[in-house]
Amino acid sequence: MPSQTGMFRFDEYPLVGVKQDVNRPRLALGQGTVSGADVVSYHPELKLKEPQVIFEQQPAANHFVIVNSYLGLPQGTTVVYDENGDTLSQVATTATNLLTNDQITYYREPYEIIKDIEIARYITPYGINFDLGPQGFAWIYDVTDYQHLLRDTVDLAAHNTQELLDLRFAFIQGIPPRDVQTREPIWADFRNYNFANLANDVSLQSKNVYLSDSSDMFKIKTRLSGHGQVGDGACCEWVPNDHQIKVNGSPTFNWNIWQTTECGDNPNTSQGGTWPYAREGWCPGDMVREHEFELTPYVTPGDSVAIDYSVNQVPTNDPGQAGGNYIMAFDLISYTAPNFQNDAAIIDILNPNNYEYYRKYNPTCSNPRVILQNTGEQPLTKCTIRCWITYGDWIEYEWTGNLGFLEKEIVEIPVPDISWWTDLEGNLTFSAQVYNVEGDPGLDEYSNNNFKQTKFKAPELIDGPFFVWFTTNNKASENKYKLIDASGTVLFERSGMANTTQYKDTFDLAPGCYSIILEDTDHDGIAFWASAQYEGESSGQFRLRKVGGSYIEFFPGDFGHYHRYNFSVGFTLGTEEAELTHEVAVFPNPTTGECTIEVSGFVNGKADLTIYDLTGRLVHSEAMLATSNFAESQVDMSAYPSGRYIVKIVTNDQVYTSALVKQ
Ligand SMILES: [Ca+2]
Ligand SMILES: [Ca+2]
Ligand SMILES: [Ca+2]
Ligand SMILES: [Ca+2]
């Protein structure tokens, strides 16, 4: 039987009409007839103070143990209440023991302090219905400046719980342009800063940095990305701001991180979000760019230097932007002096290249583009770049310019003859090599960085006349398209088109390499769900179709800034050559002197023969005797040295190659 107040909770019982009252019921149970009046009596309530358990603890073996416990009433009063809850009487509880809750100082075992250092930053793509494909997609970062941290045992973390991430390190063998000695943060390791605090110099104030007297060169490496969407301008994701570094109080480095076209140029198009729009220092599904500033000319090793970062003020007409933020890293990297006086390097090949990051302009047989870097202390003003697909049949390009230490340039190599693309070995490999630095073949001090190689795919072949069929959307003023040749010369361009209109342009091109580029000045393609939502942009279509035949290519609608379709006309390269129905015969082969070379198949009355040695030197050329379906030549090889030769036949429609051995 419940005996104390509070043991019943009437409101928990699902009984209709139950009423909770301050009075206690007095119950009598019996049987029979009840007579007489109701008797009401009141009982005062004694509210006892609850006793408490108190534990006494002491540190032992790097943790706390309970060494004593007490049960007691805290000092205070015990109260008796009447039926209305008013105090009837109270009795004081007097303290007999005084316990003090004291602080105990103790020491744990030493533990590791984890210091996060950012070596690269990446922004994940919008993932809704977006797929990177079964092989994934590779982004490549140069982390050479952090190499001394990537030794022994290192914890690596990528703060992303959305995708599987496969992180690999590739080591570049050889001697770098200069040795990395130290890396240290100028203010702190990467951190989030409020825009207003940066603008008002509350954060990132001028700081004295001490420069090692055993280093010769210094660089500031920065990684900035703007985040938040506050104020009318939605700062700092959507606002371009001006960034500046002062060296010893003088504004020395000014830069912008606004990515005007980069987002719309992302090879990972059609992400499930607003991927192509320009942003402050980042693009969805891409690496955050690093901006680097050479400090060496402004400082002396062993001295200190005052470094200050500043950014433009929060605009007075949009004060809400103050709440935006930046994630920032500023690293000071210290180096030795350059390892070489004269050194040129080919550090990358943009095309032809199978690397998926370059797929917006590959596969292609447009003029190859390589990145040349001066990796020596002396200026680089000229060199020779040699490229080949079939070894020996190379193009040599005399580059001139003026590159300082570590400066780079994209160099386009003109291909004088499309037959150069012929892949005799069938392994679809492009090679580029730099030599003859400053016109002196012996001057380059380090040849290991002179050579670069890529694998590539052949572009598609279009045979015969075709037409471009463009159905514009209702924002046609954003679009233009052009046809260019292998060297980028514009052969045809169409702009100023009307909305929701069909355009058909027919082309019948001479043998060569071409591209059709459709551009969008708003970076939102011709069919993009977000533009449909925000600006009511409708969907257009862009197709290539053979005259009197089937479709060749459908351009994607959600392509961002541009879509480029590369193709060859009148010749194929690479392995596709095996599919030709023509036959080339060279006999006898090997030969000691006279040799017959024939082509069977449609040559349309014209075929030119050239023979090269393996150094790429032209040794013989002549027009072949040609009918509509046959061409032949008799060549006397007796005057030429023994060895392998490359025979090349160019007709109106095709290029053929074959090997010839002179004994
Ligand atoms: Ca500052
Ligand atoms: Ca070199
Ligand atoms: Ca638009
Ligand atoms: Ca558009």
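Modeller: Two strands pair if DSSP finds at least two bridges between them. Strands (E, at least two residues) and helices (H or I, at least four) are DSSP runs, numbered from the N terminus. This is a predicted model: local features need pLDDT of at least 70, side-chain atom pairs count only at pLDDT 80 or more, and totals for chains, interfaces and linings use all residues. Residues are numbered from 1 along each chain as its sequence is written, while chains are lettered from A and ligands numbered from 1 in the order in which they are written.

Biologist: Which residue in S3 is the bridge partner of Gln57?

Modeller: Strand S2 (residues 52–60) runs antiparallel to S3, joined by nine bridges. Within S3, the partner of Gln57 is Ile66.

Biologist: Which residue takes a positive phi in the hairpin of S2 and S3?

Modeller: Two residues lie between the strands of this hairpin. The positive phi, near 50 degrees, belongs to Ala61.

Biologist: Which residue in S42 is the bridge partner of Ala626?

Modeller: Two bridges join S41 to S42 (residues 630–636), and these strands run antiparallel. In S42, the partner of Ala626 is Ala631.
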